[in-house]
Amino acid sequence: MRERHLQFEWPYSKEHFKDRYTRQHRNRLCSTIVAHMSKDGLMFIHPTQVRSLTPREAARIQSFPDWFEFPVAFTHQFRLIGNAVPPLLGEAVGHAVRCYLADARRAAVRKGKLRPLPRDERQAVEWLLPLLGAVSNNTLGRLSDPEFKRGWFSIGFIHSRLHPDSAAENGKRQLAGQTEMPLVARLAPDAISPVFAQSGWPVKLVPVAKEALRRFDSGLLREEEFYCSDAQMAGARRLKNGGQA
């Protein structure tokens with residue numbers, strides 16, 4: 001036993017391990033529960049007792065109800081609890097996403113559908129060709145808003161699985177692209193292949209996506225025009241119906 005007046009010798013360097021032997025405050029926020037508690041609980045000493053927190057106490061801090069069971073060994077319980085997303089946090093995120101989607105649906109109803117949309121593959125190619133030419137001539141920024149929008153919606157019509165945001169990070173590796181619209185592949189092959197392996201975007205169309213983002217950021221494209229989900233759904237429906245409108 002050490003005498004009370006002697007200074008305690010810490011087994012860890014307090015200079016490098018400043019969070020060791022931390023007693024949690026009973027009326028303040030607790031330290032973040034981590035999976036390392038399965039090895040030791042020195043960061044999570046009970047507010048009033050000389051011990052670390054139990055798995056059930058850690059679970060309560062993570063907002064798990066007392067009826068929720070962790071049917072694994074004692075140390076594994078700490079690992080599960082520390083790696084978990086707190087249920088109340090998940091509920092809050094889910095509620096926020098639900099509200100956002102509801103607002104988006106209401107906004108779509110108020111604003112109506114995108115216009116104009118290509119009626120078929122041939123018209124989509126006709127509207128897209130000026131954009132491909134502008135990419136080659138480095139004149140995308142000079143296209144009028146109506147002309148750019150027609151071409152941009154055509155990309156959504158042709159590539160219903162592409163997401164505009166994914167064009168920001170493409171990597172370097174390229175692959176041969178594929179399409180279920182043979183007319184597009186014949187009349188505008190650059191719009192189909194090659195594609196970046198990371199994003200799936202055709203190499204030729206990435207500058208168009210970046211120009212669309214620029215116009216969106218500057219207010220020239222509305223949100224529903226930038227993401228053009230109506231055009232993508234129209235193209236997907238056409239493929240599902242075997243090319244029929």
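1. A residue is called buried here when its relative accessible area is under 20%. By that criterion, D230, A231, Q232, A234, G235 and R238 are buried in helix 9. The model under discussion is a predicted one.

2. Helix 9 covers residues 229-240 and has 12 residues. From first C-alpha to last, helix 9 reaches 16 Å, close to the 16 Å expected at 1.5 Å a residue. The cover over its buried residues includes helix 4 (121-137), helix 5 (145-158) and helix 8 (223-227).

3. As to the overall fold, the protein has 9 helices and 2 strands. Along the sequence these elements follow the pattern α-α-α-α-α-β-α-β-α-α-α. Of contacts in the protein with a separation of 6 or more, 55% are between residues 24 or more positions apart.

4. The protein has 245 residues, of which 35% count as buried. Its accessible surface comes to about 15900 Å², and carbon and sulfur atoms hold 54% of that area.

5. A nonpolar patch on the surface is formed by V85, L89, V93, V97, Y100 and L101, which together have about 560 Å² of accessible area. One of these residues, Y100, lies in helix 3 (residues 87-111). In an α-helix, residues three or four places apart point the same way, because there are 3.6 residues a turn.

6. Q77 belongs to helix 2 (residues 74-83). Q77 counts as buried because its relative accessible area is 18%, and the cut-off is under 20%. Apart from neighbours within four places in sequence, Q77 is in contact with P55, F70 and V72.

Methods
Residues are numbered from 1 along each chain as its sequence is written. This is a predicted model: local features need pLDDT of at least 70, side-chain atom pairs count only at pLDDT 80 or more; totals for chains, interfaces and linings use all residues. Side-chain values use heavy atoms; hydrogens and water are left out. Patches are made of residues with over 30% relative accessible area and no salt bridge: like charges are joined within 9 Å, nonpolar side chains (Val, Leu, Ile, Met, Phe, Trp, Tyr) within 5 Å. Accessible areas come from the Shrake-Rupley method with a 1.4 Å probe; for residues, only the protein chains shown count as cover. A salt bridge is a side-chain nitrogen of Lys or Arg within 4 Å of a carboxyl oxygen of Asp or Glu. Helices (H or I, at least four residues) and strands (E, at least two) are DSSP runs, numbered from the N terminus. Buried means under 20% relative accessible area, exposed over 50%, partly exposed in between (1.4 Å probe, protein chains only). Contact means heavy atoms within 4.5 Å. The expected span of a helix is 1.5 Å times one less than its number of residues.
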